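This report sets out the chain arrangement, the interface and selected local features of the structure shown below. It begins with a point of backbone geometry and then turns to the assembly.

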Protein chains: 2
Amino acid sequence: MSEWSRRKHMSGKKYSSNHHVLYYECDKTQRMTMQMLLNLLIQVSGEQSNELGLTEEKMTEMGVAWIVLQHMFTVTRMPVTNEVITVETSAKQYNKFFCYRDFIVTNQAGETLVALTMVFAVLDIEKRKMTHISDEMVARYEAPLVKRPIRTPRPLLIDEEIVDSSTYRVRYFDIDANNHVNNSKYVEWMFDMLGADFLSQHEVKSGTIKFEKEVLYGSPVECQASFAETSDSIQTAHRIQSEGNVNCTASFEWSNVY
Amino acid sequence: MSEWSRRKHMSGKKYSSNHHVLYYECDKTQRMTMQMLLNLLIQVSGEQSNELGLTEEKMTEMGVAWIVLQHMFTVTRMPVTNEVITVETSAKQYNKFFCYRDFIVTNQAGETLVALTMVFAVLDIEKRKMTHISDEMVARYEAPLVKRPIRTPRPLLIDEEIVDSSTYRVRYFDIDANNHVNNSKYVEWMFDMLGADFLSQHEVKSGTIKFEKEVLYGSPVECQASFAETSDSIQTAHRIQSEGNVNCTASFEWSNVY
């Protein structure tokens with residue numbers, strides 16, 4: 001068991017919200033898509049921030065904004081169309097530069113469907129640089145200060161010998177209210193390029209996604225992926241590049257659904 | 001006033017549902033996108049069908065499926081992030097080949113934000129052809145049979161002299177549980193090609209969208225659009241083509257939001 005999952009018991013103030021899974025949050029197999037699930041988790045963490053009075057407007061007044069650096073998740077099964085799910089979240093701990101937030105998605109029987117940890121940092125809006133996390137930003141989440149950062153897993157490296165590639169273009173509706181390409185779009189591109197045959201026969205079981213540098217509106221984006229097969233699972237490794245920069249790396253583990 | 005809106009008083013059994021608008025259903029201006037609103041309306045009409053026992057499974061047993069032929073709408077203002085809206089819907093009337101369904105989206109003060117009418121037909125799944133609407137399919141919606149079809153407005157024709165063009169590709173997550181490109185994707189493409197400068201400064205006020213022929217997964221899709229300006233509004237005309245077929249035509253009226 002990795003360090004980030006062992007530390008699940010360390011937790012701040014809890015917040016939870018129910019959600020009726022809508023058909024348009026699901027793929028053709030009627031399972032919720034990973035990108036829509038990530039959107040929902042961000043929505044729920046935003047609701048907690050609003051409830052605690054730490055709205056985006058409040059952060060903007062302080063000259064800062066939260067940015068997501070990494071997602072790490074395990075899936076027992078994805079929620080399905082018209083299912084009611086509960087999303088529980090809490091800020092797990094923080095240090096000078098990083099804040100770790102846990103999410104547990106359960107069904108109405110209380111069974112865990114998905115567990116996910118996000119790593120956040122704080123951006124100084126004017127300087128466009130990461131800045132220290134202050135007590136004012138995190139005290140109300142009741143997360144403990146733990147000076148040593150959590151060692152988060154790195155995505156598997158892409159196999160340069162067998163890499164596939166597809167080009168995407170950032171569209172207007174990929175941009176969210178923060179004026180950035182929404183995090184979930186990277187996942188949508190990375191999954192899409194695996195193709196219908198693969199996606200309709202496999203379910204993602206775990207993954208880690210690292211965001212390195214923002215993609216800009218209108219840019220052509222190159223998505224690369226390679227496959228590695230073991231006896232009981234398939235792993236894919238991914239890299240997104242644009243204008244000479246690496247924007248995102250990720251790897252996912254898949255199981256065959258048939 | 002057009003014929004379809006004059007006939008709003010003719011209505012079957014009503015169904016309504018509240019919805020908390022999520023941030024990921026909104027664009028960078030925090031207004032709900034037209035494609036997400038269309039998705040929500042389809043979700044709500046599906047909920048009514050389920051409540052009345054006319055589920056998709058039941059239709060499939062009868063060898064048929066509903067297909068959407070046209071949307072016609074007027075917007076007072078689009079819903080915004082975290083607003084609670086109410087969607088009310090009813091089957092307005094039907095004839096041998098078409099069923100008309102009304103939707104009214106209101107805010108919590110009861111003010112109408114969006115009014116929309118959809119035209120549906122019934123597909124014989126095996127023959128892949130439109131078939132007669134039977135009493136069994138519509139009786140529970142309590143919509144009156146009115147033999148004469150409603151004359152629905154046609155989209156404005158594109159101006160062939162000044163047309164712009166963009167190419168899209170159908171992605172895996174554009175396909176919904178019916179194994180078709182979700183209707184909302186056509187709207188997303190048509191709006192996206194208008195560009196960030198236009199979309200962030202204009203709000204759609206009305207429109208009509210006609211679906212002619214399904215786009216297939218993996219196909220390159222050519223989206224064309226032309227602009228026409230009058231003293232108080234801008235109109236755009238659209239055409240989507242793939243593999244030599246016209247898949248969709250539409251026109252929208254826009255107002256400047258600043």
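Between which two strands of chain B does the loop that holds Glu243(B) lie?

## Backbone geometry in two loops

The model is a predicted one. Glu243(B) occupies the loop that connects strand 10 (234–242) with strand 11 (245–256) of chain B. Its phi is near 45 degrees, a positive value in a residue other than glycine. Glu243(B) is exposed, because its relative accessible area is 60% and the cut-off for that class is over 50%.

A positive phi also occurs at Gln30(A), where the angle is near 70 degrees and the residue is again not a glycine. Gln30(A) is located in the loop between strand 1 and helix 2 of chain A. With a relative accessible area of 36%, Gln30(A) is classed as partly exposed. As background to both cases, most residues other than glycine have a negative phi.

## Relation between the two chains

Chain A can be superposed on chain B by a rotation of 180 degrees, with 0.0 Å of shift along the axis and an RMSD of 0.0 Å. This is the relation of a two-fold axis. Both copies use the same surface, since 100% of the contact residues of chain A recur in chain B.

## The interface

Chain A contributes 39 residues to the contact, and chain B contributes 39 residues. The area buried between chain A and chain B is about 3700 Å², with carbon and sulfur atoms giving 54% of it. Three residues, Arg171(A), Tyr172(A) and Phe173(A), supply 23% of the area that chain A buries against chain B, more than any other three residues.

Asp192(A) forms a salt bridge with Arg169(B), and their closest N and O atoms are 3.1 Å apart. On the side of chain A that touches chain B, the elements giving two or more residues are strand 1 (15–20), helix 2 (34–51), strand 7 (164–169), helix 5 (183–192) and helix 6 (196–199). Helix 2 of chain A provides the largest share of that side, 8 residues. By residue class, the side of chain A that touches chain B comprises 16 nonpolar, 14 polar and 9 charged residues.

## Burial of helix 5

Helix 5 of chain A is mostly covered, with 9 of its 10 residues buried. The buried residues of this helix include Lys185(A), Glu188(A), Trp189(A) and Asp192(A). Helix 5 is also one of the elements that give two or more residues to the side of chain A that touches chain B.

## Salt bridges

Over all chains, the count of salt bridges comes to 18. One of them joins the side chains of Lys92(A) and Asp102(A), at 3.1 Å from N to O. Lys92(A) belongs to strand 3 (residues 84–94) and Asp102(A) to strand 4 (residues 99–106) of chain A, so the pair ties together parts that are 10 residues apart in sequence. Both partners are buried: Lys92(A) has a relative accessibility of 0%, and Asp102(A) has a relative accessible area of 6%.

In chain B, Glu83(B) and Arg77(B) form a salt bridge through their side chains at 2.6 Å, N to O. Glu83(B) is buried, at 13% relative accessible area, whereas Arg77(B) is partly exposed, at 31%. A further salt bridge links Glu203(B) with Lys205(B) at 3.8 Å, N to O. Glu203(B) is buried, with 11% relative accessibility, and Lys205(B) is partly exposed, with a relative accessible area of 22%. In chain A, Arg31(A), Glu203(A) and Lys205(A) are joined into one network by salt bridges that share partners.

## A loop serine in chain B

Ser200(B) is found in the loop between helix 6 (196–199) and strand 8 (202–211) of chain B. Its relative accessible area is 16%, so Ser200(B) counts as buried. The side chain of Ser200(B) reaches the backbone oxygen of Ala196(B) at a distance of 2.6 Å.

Notes:
Residues are numbered from 1 along each chain as its sequence is written. Chains are lettered from A and ligands numbered from 1 in the order in which they are written. This is a predicted model: local features need pLDDT of at least 70, side-chain atom pairs count only at pLDDT 80 or more; totals for chains, interfaces and linings use all residues. Side-chain values use heavy atoms; hydrogens and water are left out. A salt bridge is a side-chain nitrogen of Lys or Arg within 4 Å of a carboxyl oxygen of Asp or Glu. Helices (H or I, at least four residues) and strands (E, at least two) are DSSP runs, numbered from the N terminus. Buried means under 20% relative accessible area, exposed over 50%, partly exposed in between (1.4 Å probe, protein chains only). A polar contact is a pair of N or O atoms within 3.5 Å; within protein, one must be able to donate a hydrogen and the other to accept it, and residues adjacent in sequence count only if both atoms are side-chain atoms. Contact means heavy atoms within 4.5 Å. Buried area is the accessible area (1.4 Å probe) that two parts lose on being put together, summed over both. Ala, Val, Leu, Ile, Met, Phe, Trp, Tyr, Cys and Pro count as nonpolar, Asp, Glu, Lys and Arg as charged, and the others, Gly among them, as polar. Copies are superposed by least squares on the C-alpha atoms of residues with pLDDT of at least 70 in both.
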